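Have a go at each task before you read its solution.

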Amino acid sequence: MTADEPGAHAAPTTGGTATAGGTATAGGTATAGGTATAGDTGARHAWAALPWLVRTAVLWSACLVVIVTGLYLLGRIAVLLAPLAIALAATIFLTALLDPVLVRLRRLRLPAALAALLTVLLLLGILVGVGALVWNLTASQFDQLSQELTQGLDRSRDFVTSTLPVSEAQLDKLVDQARDGLSGSSPDPVSGARTASEVVGSALLALVLLFFLLKDGRSMWQWTLSRMAGPNRKLVAEAGRGGWQTLGAYSRGTMLIAAIDALGIGLALVVLRVPLALPLALITFLGGFVPIIGATVAGAVAVLVALAANGPTTALLTLAAVVAVQQIEGNLLEPLVMKRQVRLHPAVILVAVTAGTLIAGIAGAFVSVPITAVLWRIIDTVQRHRSATHASAVQ
């Protein structure tokens, strides 16, 4: 056989060079025909020789590293663009909250722009009205609230030193360390002014974005879906719809539950004749937007004020009222209001709130749980879609 005849280059070589016919080489280099080389075969055999537990651990570890790295990079970008990230998060949250109002206005045959404008004005009216009412009723009481908290902490300090094997010097040292840490992390006037300007700018940006999302959000989503083709379009549409429904249910449910908690604890404080009931109810309402941790902190503040104002008996009754309201919320209100599609395990909520706080502070604590709920709903939707597709393919 000559070199010009077909198949003259099909014989295996021994030097490990690439062959034209695509046969395997002894040296393990790539061949032109794309067949497996000895190096690839050896790697596959080595991988197959590992125990299945080791292979599973390696695969899951690699996936976990990729996911954690991606989340970390997103978190760092969000921190660098904090004003924009906060404005976007607030806009999406408010859009999901106000979407039913927009839908009802649209059913009245109002133009999209007018319906969106009326919805934004309604939100501003509620915020300004409630803010002015609360300020007029409680502005003069916040100094008293600070004094009551100080007295409550002093009584708690006396209780700790009298019942636990902790001396006053040790407790004072811990308090001083905590105070030094807080004072060291407090911003200077320049940073405070810059933060205030960023907050105002983020609020204005959020209002403008809220108007445009209410006006054109659905058309934006349809435009995004129109750029997709094949079976992924249906999957993306279903996952996006599920995530949006979850965010809307979470935002409206959280606001309703926070209002009920504030009303219940506020009434208990009024019955027990604890001063500053309205400011404490307001703190409870705001704390309701940070699950578990927010309610705990708000309840602790109420108990401290009751301890300082009326003594340990009233403080214990206040604690009992706070625990009763939170138990009713967790076991009755949350299943009814949030529904199963929004509920997360308490361990997941604690991890999400902690991670959000470490990444973005207070703003991260507020948005971490809804982001986790939406991501879980999207992942669950994709998984169910793939399972249904696999089942239909098998049949």
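This is a predicted model: local features need pLDDT of at least 70, side-chain atom pairs count only at pLDDT 80 or more; totals for chains, interfaces and linings use all residues.

**Exercise 1.** Find the salt bridges and describe the setting of each pair.

*Solution.* Step 1: start with the idea. Side chains of opposite charge can pair when their charged atoms come close. The rule used is a side-chain nitrogen of Lys or Arg within 4 Å of a carboxyl oxygen of Asp or Glu. That gives three salt bridges.

Step 1: take R218 and D99, whose side chains meet at 3.1 Å, N to O. This pair links distant parts of the chain, with R218 in helix α7 (residues 189-226) and D99 in helix α3, 119 residues apart. D99 has a relative accessible area of 12%, so it is buried.

Step 2: now K215 and D216, again a salt bridge at 3.1 Å, N to O. K215 is partly exposed at 30% relative accessible area, and D216 is partly exposed at 21%.

Step 3: finish with D380 and R384, whose closest N and O atoms are 3.1 Å apart. Both belong to helix α12 (residues 346-394), and because they are four residues apart, about one helical turn separates them. D380 is partly exposed at 28%, and R384 is partly exposed at 42%.

**Exercise 2.** Which residues make the nonpolar surface patch, and which elements give two or more of them?

*Solution.* Step 1: set the rule. A patch is made of residues with over 30% relative accessible area and no salt bridge; nonpolar side chains (Val, Leu, Ile, Met, Phe, Trp, Tyr) are joined within 5 Å, like charges within 9 Å. Areas come from the Shrake-Rupley method with a 1.4 Å probe, and for residues only the protein chains shown count as cover.

Step 1: the members are I77, L80, L81, L84, L88 and L205, making about 540 Å².

Step 2: α2 (52-80) and α3 (82-107) are the elements that give two or more residues.

Step 3: check one member. I77 is found in helix α2 and is partly exposed, because its relative accessible area is 47%.

**Exercise 3.** Two residues other than glycine, R109 and R273, have a positive phi. Where does each one lie?

*Solution.* Step 1: R109 has a phi of about 65 degrees. R109 is in the loop between α3 and α4 (112-138), and its 78% relative accessibility makes it exposed.

Step 1: R273 has a phi near 60 degrees. R273 is in the loop between α8 and α9 (277-287), and is exposed at 72%.

**Exercise 4.** How many cavities of 30 Å³ or more does a search of the whole structure find? Describe the lining as well.

*Solution.* Step 1: rolling a probe the size of a water molecule over the atoms shows where empty space is left. On a 1 Å grid over the protein atoms alone, a cavity is a set of points where a 1.4 Å probe fits but cannot get out; lining residues have an atom within 4 Å of a point. Points are joined across faces, edges and corners, and the volume is the space filled by probe spheres set on them.

Step 1: the search finds one such cavity. The largest cavity holds about 40 Å³ of space.

Step 2: its lining is D261, I265, T284, A295, Q326 and E329, with α8 (231-271) and α11 (312-338) as the elements that give two or more residues.

Methods
Residues are numbered from 1 along each chain as its sequence is written. Side-chain values use heavy atoms; hydrogens and water are left out. Buried means under 20% relative accessible area, exposed over 50%, partly exposed in between (1.4 Å probe, protein chains only). On a 1 Å grid over the protein atoms alone, a cavity is a set of points where a 1.4 Å probe fits but cannot get out, and a pocket is an open set with protein on both sides within 12 Å along at least five of seven lines; lining residues have an atom within 4 Å of a point.
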